[in-house]
Amino acid sequence: MDNNGRGDDRVENGFNPEEDDRKKEMKEAEMSVEQIFESQEVPSWRKQLTMRAFAVSFVLSILFSFIVMKLNLTTGIIPSLNVSAGLLGFFFVKTWTKMLEKSGLLKQPFTRQENTVIQTCVVASSGIAFSGGFGSYLFGMSERIAQQSGDTRGVKNPSLGWIIGFLFVVSFLGLFSVVPLRKIMVIDFRLTYPSGTATAHLINSFHTPQGAKLAKKQVKTLGKFFSFSFLWGFFQWFYTAEETCGFFNFPTLGLKAYENKFFFDFSATYVGVGMICPYIINISVLLGGILSWGVMWPLIETRKGDWYPADVSSSNMHGLQGYKVFIAIAMILGDGLYNFFKVLSRTLIGLFHQIRGRQALPIANQPSPDTSKKLSYDDQRRTQLFLKDQIPTWFSVAGYVTIAVISTIVLPHIFHELKWYYILVLYAFAPTLAFCNAYGCGLTDWSLASTYGKLAIFTIGAWAGSHGGVLAGLAACGVMMNIVSTASDLMQDFKTGYLTLASPRSMFISQVIGTAMGCIVSPCVFWLFYKAFDDLGLPNSQYPAPFAVVYRNMSLLGVQGFSALPKNCLVLCYVFFGAAILINLVKDRVGKKWGSYIPLPMAMAIPFYIGSYFAIDMCVGSLILFVWEKINKAKADAFGPAVASGLICGDGIWTLPSSILALAGVKPPICMKFLSRATNARVDKFLGS
């Protein structure tokens, strides 16, 4: 209130701004989403694709590629980063436009459609860091991983040139394979695509006045924890002048537990991952670590000299390492195949009911007779705009055929073991598998890209046999994974675009540009890791790349058969393969309520090879979130993802300066040993054995 008392006059005369805001919010709460945005003009698809959107997308794609790459090379657990991408995209462009607005230079306001374009581009780019196989099939081709597998046949060491070329010829096929199905999936079948729907609701909420206020607070929280995580990463690096010193080697649970990979390694990344992942995943990972490193490996080690030669090291594939890798493979395959057939059966049943109800399968680019009947205002508006900007079917077919021909010619020059007829067979089945993965993902939110990749490993590997089958299987895995992964990602983005009124054309172009960014950014990020860390991929290193060993041994298994397994390992593999299927069956039979308490075999298998230290970090994250929810659930729900994203992003981006310092030969100044000299000698001996 000023000295003239005008503040009181405004309240008395009904001009209380707080009361007006409350009334406005109550009015908006009664309106549907599209009624709230009714007064805003939807920009054309060309105006949705702005230079500022792609500039922000490029910066964020570098950030997220570092995060995904670090997770790939440590444990292979990649949480959904869509929320972080949408939130940071909103923050950067909103800040940009506010500055321009104050200076009077703003020509185009920031819209939810542009926000959707940014999120799509960033997720498409960082997705290549996963589907590119830098922590799995692609790195599994290297000599470093081959030596751990005990078979150096079929080796192709990483090189920036061929990796970028490989990704460019295989990463776009999935996009063209499902474009004609966008109307069928989104409008006719009305598939939910839970992640795409959740992202759309998030972006829609950001662009309402109330949502913008919350988003501003969330970004501020993310920034605080980003700074803390980044500085904590620097602080940890400062005390790690040697391999066996620093916080990563702190025996928090005692020496015996440390020797068996049970310790808290003070990783902000995995505390954040634990806050994002469901509780059951974190508990499953911890249970898997206890079962393997707490029970099985110590027991199998007592059979040294009987089950496997006593003179081989623990890292030899014909020793204890073989049991760690192949039993993990058995669980992963059991879980993957069960879910593959479950999703496939649901896909076929869903298709049967859809077709039976319509008497015919809908055709892309043709109006559906019943889409205009009994639709809400929101659905009518969304359907109208979704069908407005068509992508011709001939364009997608021509694009697929053209890229397939180029790829069939180029790939055998990159991988001599991958014959042209193997590639033709893959491309003949790829559109069908891409459709199945995209449809199944719409029903269940599960992308089974890695499962399709494993099927390609065994199929092509066995077909090629001893004549380059290992490398051919891994390369075929890459081809298939990239196709089916990008197909489901694009359909998720079409669903997000449908709910935010973003044009299908802008979604497709954004996905293409994001994929192109990823084909360059992700290999460069991997190359930085590869050159900076000489021990990348080794079992006891900071970046062990566990799935690279797993994928290579899958390929070996496909070529050599069961002769690659140590004594009694096959029996144990059968047991754990069957147990994975049985656990999933029980989980599905008891229903959603009780099934949520049954552990996930896939998550249990992850620590079998690398240990439980990251599981402890993740459980700490779960505990923090659990206590926070008990104290204030509303605040935990609103700010939990922002805190987790800040922890992951800060620690993830610290790997950039740490990698540059390692390349420059700059070592941390201090080695902080937490153990006595005698104890350190014991640990060093254990780690070196």
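Author: Start with a helix pair. Arg112, Asn115, Thr116 and Gln119 in H7 meet Thr199, Ile203, Asn204 and Phe206 in H12. Contact means heavy atoms within 4.5 Å. By class, this contact of H7 with H12 has 2 nonpolar, 5 polar and 1 charged residues. Ala, Val, Leu, Ile, Met, Phe, Trp, Tyr, Cys and Pro count as nonpolar, Asp, Glu, Lys and Arg as charged, and the others, Gly among them, as polar.

Reader: Before we go on, what am I looking at?

Author: This is a predicted model, where local features need pLDDT of at least 70, side-chain atom pairs count only at pLDDT 80 or more, and totals for chains, interfaces and linings use all residues. Residues are numbered from 1 along each chain as its sequence is written, and side-chain values use heavy atoms, with hydrogens and water left out.

Reader: Fine. At what angle do H7 and H12 pack?

Author: About 140°, with the axes of H7 and H12 9 Å apart. H12 covers residues 194-206. Axes are lines fitted to C-alpha atoms, for helices over the stretch in contact, and angles run from 0 to 180 degrees between N-to-C directions.

Reader: What does that make H7 and H12 to each other?

Author: Oblique, therefore. Angles under 35 degrees count as roughly parallel, over 145 as roughly antiparallel, 65 to 115 as roughly perpendicular, and the rest as oblique.

Reader: Is the crossing of H7 and H12 left-handed or right-handed?

Author: Right-handed. That label applies if the near helix is turned clockwise from the far one by less than a right angle, and left-handed applies if anticlockwise.

Reader: Is Thr111 buried or exposed?

Author: Buried, with a relative accessible area of 13%. Buried means under 20% relative accessible area, exposed over 50%, partly exposed in between (1.4 Å probe, protein chains only). Leaving out residues up to four places away in sequence, Thr111 touches Pro43 and His207.

Reader: And Phe110? What does Phe110 touch?

Author: Phe110 lies in that H6 to H7 loop. Apart from residues up to four places away in sequence, its contacts are Arg52, Gly89, Phe90, Val93, Lys94, Thr97, Asn115, Ile118 and His207. Phe110 counts as buried, at 9% relative accessibility. From Phe110 to Thr50 is 60 residues in sequence and 10.0 Å in space, C-alpha to C-alpha.

Reader: Switch to H22 and H24. How do their axes cross?

Author: At roughly 120°, and the axes come within 8 Å. H22 is residues 469-500 and H24 is residues 546-560. H22 and H24 are therefore oblique to each other, and H22 passes H24 in a right-handed crossing.

Reader: Which residues of H22 and H24 meet?

Author: Gly469, Val470, Gly473, Leu474, Cys477 and Met481 in H22 meet Tyr551, Arg552, Ser555, Leu556 and Val559 in H24. That contact of H22 with H24 divides into 7 nonpolar, 3 polar and 1 charged residues.

Reader: What about Asp379, buried or exposed?

Author: Buried, at 18% relative accessibility. Asp379 lies in helix H18 (residues 377-386). Not counting residues up to four places away in sequence, Asp379 touches Arg190 and Tyr498.

Reader: Where is confidence lowest?

Author: In helix H1 (residues 6-12), at a mean of 41, while helix H9 (residues 160-170) is highest at 95. pLDDT is the predictor's confidence in each residue, from 0 to 100. The protein's mean pLDDT is 82, and 89% of its residues reach 70 or more.

Reader: Last one: how many helices and strands?

Author: 31 helices and 0 strands. Of the 689 residues, 55% count as buried.

How values were computed: Helix = DSSP H or I, 4+ residues; strand = E, 2+ residues; numbered from the N terminus.
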